[in-house]
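Here are my notes on the model you sent over.

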Amino acid sequence: MTGPPFLPVAELAAQVRTGELRAVDVVTAALARCRTRDGDLHAFVELTTEQALRDAEAIDQRRQRGAILGPLAGVPMALKDNLLRQGMVAASGSRMLEHFVAPYSATVVERIAAADAVILGRTNMDEFGMGSSTEHSAFGPTRNPWARDCVPGGSSGGAAAAVAADLVAAALGSDTGGSVRQPAALCGVTGLKPTYGRLSRHGLIAYASSLDCIGVLGRSAADVAAVLAAIAGGDDRDATSLRADVADYGAALAQRTDLRGLRIGVPWQLNGPGLDAEVAAATGSAVEALRQLGAVTVACELKRIQHAIPTYYLLAAAEASSNLARYDGIRFGLRREGSGRLESMYAASRSAGFGAEVQLRILLGTFALRAGYHEEFYGRATRVRALLRQDFARAFADCELIACPTSPVPAFPLGSKLDDPLAMYLCDALTVPMSLAGLPALSLPCGFTAAGLPVGLQLTAPALQEQLLLQTAHVYQQHTDFHRQRPAP
Amino acid sequence: MNDFVTVIGLEVHVQLRTATKLFSPAPVAALGEPNTRVHAIDLGLPGVLPLPNAQAVLLAVRAALALGGEVQRSSRFARKNYFYPDLPKGYQISQYEQPFCRGGTVPLGDGRSCRLERIHLEEDAGKLIHTTAGSLVDLNRAGVPLVEIVGMPDLRRPEDAHAFLVNLKSILQFTGVSDCDMELGSLRCDANVSLMRAEATQFGTKVEIKNLNSFKMVQRALEYEQRRQSAVLAAGGTIAAESRLWNDEQGETRPMRSKEQAPDYRYFPDPDLPPLLLDDAFIAAQRAALGELPAARRARYRVSFGLPDYDIDLLTADRALGDYFEAVVAAAGEPKTASNWVMTDVLQALRERQLEIAAFPVPPQRLGELLAILDHGAITVASARTAFARMLERGEDAAAAIAALGLEKIVDPQVLAPLVAAAIAANPAAVADVKAGKQRALDALKGHVMRATVGKADPATVDALLRAQLGQ
Amino acid sequence: MPGVPDKPELELDRAFVRALSGLCRLHLTDAAEASAQQRLAAVLQAFSALRAVDLGQDGDGENVAAGVPLRPDLPEPVLSQEQVLANASQKLGGAFLVPRVIEG
């Protein structure tokens with residue numbers, strides 16, 4: 001099935017701005033699709049239907065009164081469950097925060113609201129961002145719209161599924177080791193992790209502070225660009241946010257009709273035994289298609305890439321063990337009294353509130369920072385991370401983009417990797433290197449397996465070159481229609 | 001006790017005089033109801049991020065420069081991880097491997113000093129109040145900016161620890177970095193003390209003493225510990241490495257209930273905060289803004305003004321007061337008179353009106369003018385005080401006040417002679433005393449004339465006239 | 001795992017896991033503890049190759065182009081006492097309530 005029920009984001013917003021389309025109608029239709037399809041998929045943890053309709057009404061009324069509406073006017077969007085929205089619950093996929101009502105909104109949420117997008121609700125995720133399948137959500141898994149018995153990927157599985165199933169036009173997720181790109185690949189949508197710091201983390205429930213990035217999921221590079229334009233830029237409320245000027249992503253899309261002269265590096269180290277043959281074939285064809293469009297491919301070397309997974313997991317777990325220490329039931333979150341003594345209360349609350357995977361990562365992270373092991377694990381991982389950054393810098397001396405598969409495997413059956421956590425970690429093998437280096441990377445649909453499961457191609461650019469990623473993906477999407485394919489309803 | 005050398009190291013936490021907290025824009029002003037000075041950042045809510053305070057960094061750098069420390073061009077904030085109800089994030093943002101200042105010294109007086117190991121920035125925790133219903137957590141104080149000043153174990157006597165604190169306070173108050181008020185909690189001190197044999201090459205086991213609420217308490221506690229430890233060692237025992245609480249009422253330290261031995265804080269650089277970069281221009285600007293430090297000012301006053309120590313101590317305690325005094329001298333010319341007037345009349349007026357010197361209604365130049373007039377002999381001391389009072393009330397300058405009150409000294413014998421005669425006539429008993437040889441009785445007669453002239457009569461002339469009329 | 005010179009031999013037994021879980025205030029059931037021990041051991045075994053990486057002469061490699069921005073010392077609105085306590089399940093007299101801490 002091809003063709004989306006939604007217009008492209010920019011066009012949709014334009015028609016709502018002129019009044020050709022009413023925001024209320026767009027949102028009502030989207031909510032109807034949510035009702036019909038999401039019972040099955042469980043992409044959403046919560047649909048805030050009443051509020052969405054109120055917001056849509058308000059937008060239409062403002063337009064009637066002569067106001068100029070924002071660049072995302074009437075666009076139905078979803079937020080991953082770890083993005084705070086004032087007055088609404090944000091649970092980060094966890095029992096710990098199941099009833100936590102946010103007293104403020106995340107910066108990116110304020111910005112899409114200021115752009116007049118309409119938020120339909122919050123999407124399912126692996127608890128606190130820790131997972132690659134959304135099976136570690138405390139609220140039940142999400143199903144892949146392309147194959148109901150398969151995972152949508154994770155941790156932003158709900159967001160990717162919601163976009164793939166046309167429940168929303170676009171979604172905001174978070175990507176720490178691949179959590180936007182990998183589910184985008186498994187669900188056949190376009191997903192962007194910008195440069196670390198390009199999007200403010202103020203109001204994102206933290207997992208690993210030096211790796212967390214908010215990301216955008218949409219049905220095309222053009223849609224992703226439209227959303228990114230509304231939310232990118234420095235923020236005084238995040239000391240790690242980048243103050244660099246925001247590129248004109250829309251203009252960048254229009255700049256190019258082919259890829260003549262574009263040098264694309266293909267890292268030969270990433271072809272290993274873990275890479276699924278059909279994934280290799282589809283991404284190989286995609287790279288060939290890029291060549292047909294004028295790009296020149298060169299072999300590139302990422303010398304220490306095989307150390308990316310342990311480096312990532314040690315650093316992320318260490319930071320997470322510290323970030324999650326605030327969840328003790330005292331000021332917010334789930335609380336259990338235990339035996340009645342303070343230490344018992346801490347342990348009872350945290351053990352009841354956190355799922356098994358989260359607890360394991362806290363243990364791992366605590367270990368990596370433990371006196372006596374600190375230098376050997378955390379210290380070493382920090383230095384290997386620096387080496388990986390250098391590897392990318394060296395590669396980018398000879399090319400402008402790096403291309404590789406996003407995920408080594410297509411969507412896998414629910415439950416199939418739960419007993420083998422190391423196998424689950426390896427799902428991130430191709431995405432964590434970019435996270436460690438803080439580089440922008442985008443996954444775009446580039447084919448299907450024989451069983452009809454989507455495959456994603458990942459493009460990585462040097463820091464702050466999001467416009468090059470979007471531009472290249474856009475050109476590819478002008479000449480292919482993988483991104484226009486839709487799962488059966 | 002004679003064989004043992006006492007080794008003391010102090011750790012001092014000082015609150016910086018900022019308007020807002022270290023990582024949040026919540027005000028640090030006087031606390032009222034619990035949890036009314038809490039920003040989302042202080043609460044440790046999901047999704048909040050720390051935002052460092054420029055003024056806290058500025059004052060911290062000034063503290064470092066005033067104490068002769070080496071300010072690092074690049075330093076990092078680090079997370080100190082532990083669980084406690086008054087620590088909202090489950091970690092304190094502090095500095096560990098890369099503090100912003102290394103080294104420094106605190107003078108102890110008479111040319112000796114104590115070295116500092118380091119100074120670093122960190123946020124304060126909240127407060128816990130223990131009741132029968134449980135412990136209550138108030139986060140008003142959570143996030144308040146502190147510098148931790150770590151002294152090296154150079155101190156050898158409890159009184160030196162006292163001197164360390166007094167001088168540290170003087171320097172930090174003088175430079176506007178902190179109020180250093182232990183009673184109000186803007187200065188807190190823990191002391192580490194160990195004993196070693198005189199010939200030993202290694203320090204003994206150290207004990208940490210907490211719950212010290214005044215400088216004198218620090219000294220008392222250290223004196224107690226010194227006695228306690230030497231008794232234990234002399235009897236052949238060993239000192240346990242522990243933390244002990246000072247109980248001032250009982251005059252003793254007691255071991256704290258054992259917590260985790262040497263807790264593992266798992267320090268790592270805070271990933272939410274890029275490095276703190278301080279450039280040469282900024283550091284030079286802070287050094288310039290520091291101006292003259294207390295020790296240098298004391299030396300200068302001794303040399304330039306020849307004032308006694310008592311005067312110097314008082315005048316150099318507060319920078320603004322010293323500046324005022326110097327401006328008075330510049331106008332008046334005579335330092336000792338200026339000093340007396342500033343130490344008594346000015347300070348008293350400030351106390352009565354609950355004012356800081358910066359808000360004092362009489363500019364120093366005007367007081368100086370008044371003192372110059374006094375010095376020339378145109379008015380009496382009593383008249384000067386009367387004029388000063390009017391200058392305070394009405395904002396007039398010295399000449400105007402004197403003229404308005406008609407305070408010019410009366411030196412004309414023709415004017416005074418009849419008044420002297422009247423005083424003699426009114427006090428026959430005093431006259432008899434004078435003639436009998438009691439010179440003190442002259443003062444009573446003089447007083448009569450002064451009262452009659454509202455203090456304006458020149459005492460020397462009155463004295464001469466009295467003696468003449470009494471045939472003395 | 002092979003020991004590192006001058007470092008304690010890594011004994012990843014149940015006691016070690018229990019000590020770790022105490023440090024991070026988690027209470028694991030017996031089964032969970034056994035599972036955690038296995039998982040941790042497997043993960044660390046898989047990560048042992050990190051030890052062989054030649055770190056070379058390079059330093060931290062941190063990009064220190066921009067230091068941390070500093071905020072002007074101007075007060076901004078804070079949460080009301082009610083807002084501060086809004087998500088807490090146990091409170092008393094305007095404060096958060098926890099089991100009585102035995103200090104000292």
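How many residues of chain B are in contact with chain A, and with how many residues of chain A? Please keep in mind as you read that this is a predicted model.

1. **Chain B against chain A.** To take that opening question: 25 residues of chain B are in contact with 33 residues of chain A. On the chain B side, the elements that contribute two or more residues are helix 1 (40-43) and strand 4 (78-81). Sorted by class, this side of chain B holds 16 nonpolar, four polar and five charged residues.

2. **Chain B against chain C.** Here 41 residues of chain B are in contact with 31 residues of chain C. Helix 1 of chain B turns up again, and the other elements of chain B giving two or more residues are helix 2 (54-66), strand 9 (127-131), strand 10 (134-138) and strand 17 (276-277). Strand 10 of chain B gives the most, with five residues.

3. Strand 4 and strand 16 of chain B are joined by two bridges. In one residue pair to look for, B:Ala78 has B:Pro269 of strand 16 of chain B as its bridge partner.

4. **Helix 3 and helix 4 of chain B.** How far apart are the axes of helix 3 and helix 4 of chain B, and at what angle do these helices pack? The axes of helix 3 (residues 158-174) and helix 4 (residues 215-234) of chain B are 8 Å apart, and the angle is about 160°. That angle is over 145°, so helix 3 of chain B is roughly antiparallel to helix 4 of chain B. Helix 3 of chain B passes helix 4 of chain B in a right-handed crossing. Residues from helix 3 of chain B include B:His162, B:Leu165 and B:Val166, while those they meet in helix 4 of chain B include B:Phe215, B:Val218 and B:Leu222. The contact has seven nonpolar, three polar and two charged residues.

5. **Helix 13 and helix 16 of chain B.** The axes of helix 13 (residues 413-426) and helix 16 (residues 459-470) of chain B come within 9 Å and cross at roughly 55°. These two helices of chain B are therefore oblique to each other. Their crossing is right-handed. Among the residues making the contact are B:Leu416, B:Val420 and B:Ile424 of helix 13 of chain B, together with B:Val462, B:Leu465 and B:Leu466 of helix 16 of chain B. By class there are 10 nonpolar and two polar residues in this contact, and no charged ones.

6. **Chain A overall.** Chain A has 16 helices and 11 strands. Its C-alpha atoms fill a box of roughly 65 × 55 × 45 Å along the principal axes. For 489 residues, a compact globule would have a radius of gyration near 23 Å, and the 21 Å of chain A agrees with that.

7. **The sheet of chain A.** In chain A, 11 strands form an open sheet of mixed pairing, in the order 1-3-2-4-6-5-10-11-9-7-8. Strand 1 (44-47) and strand 8 (296-300) of chain A each have a single partner strand, so one side of each is left without a neighbour in the sheet. On average, neighbouring strands are turned by 30° against each other, direction ignored.

8. **Around strand 1 of chain A.** Strand 1 of chain A pairs with strand 3 (residues 118-123) of chain A in the antiparallel sense over three bridges, and A:Phe44 stands opposite A:Thr123. Helix 2 (residues 23-41) of chain A packs on the sheet, touching strand 1, strand 2 (76-80) and strand 3 of chain A, and its direction makes about 20° with that of strand 3. Helix 3 (residues 49-64) of chain A lies across strand 1 and strand 3 of chain A, running at about 160° to strand 3.

Conventions. Residues numbered from 1 in each chain as written. Chains lettered and ligands numbered in written order. Predicted model: local features only at pLDDT ≥ 70, side-chain atom pairs only at ≥ 80, totals over all residues. Axes fitted to C-alpha atoms, helices over the stretch in contact; angles between N-to-C directions. Helix = DSSP H or I, 4+ residues; strand = E, 2+ residues; numbered from the N terminus. Parallel < 35°, antiparallel > 145°, perpendicular 65-115°, else oblique. Left-handed = near helix turned anticlockwise from the far one by under 90°. Contact = placed C-beta atoms within 7 Å. Nonpolar A, V, L, I, M, F, W, Y, C, P; charged D, E, K, R; others polar. Rg over C-alpha atoms; globule rule 2.2 N^0.38 Å. Pairing = 2+ DSSP bridges.
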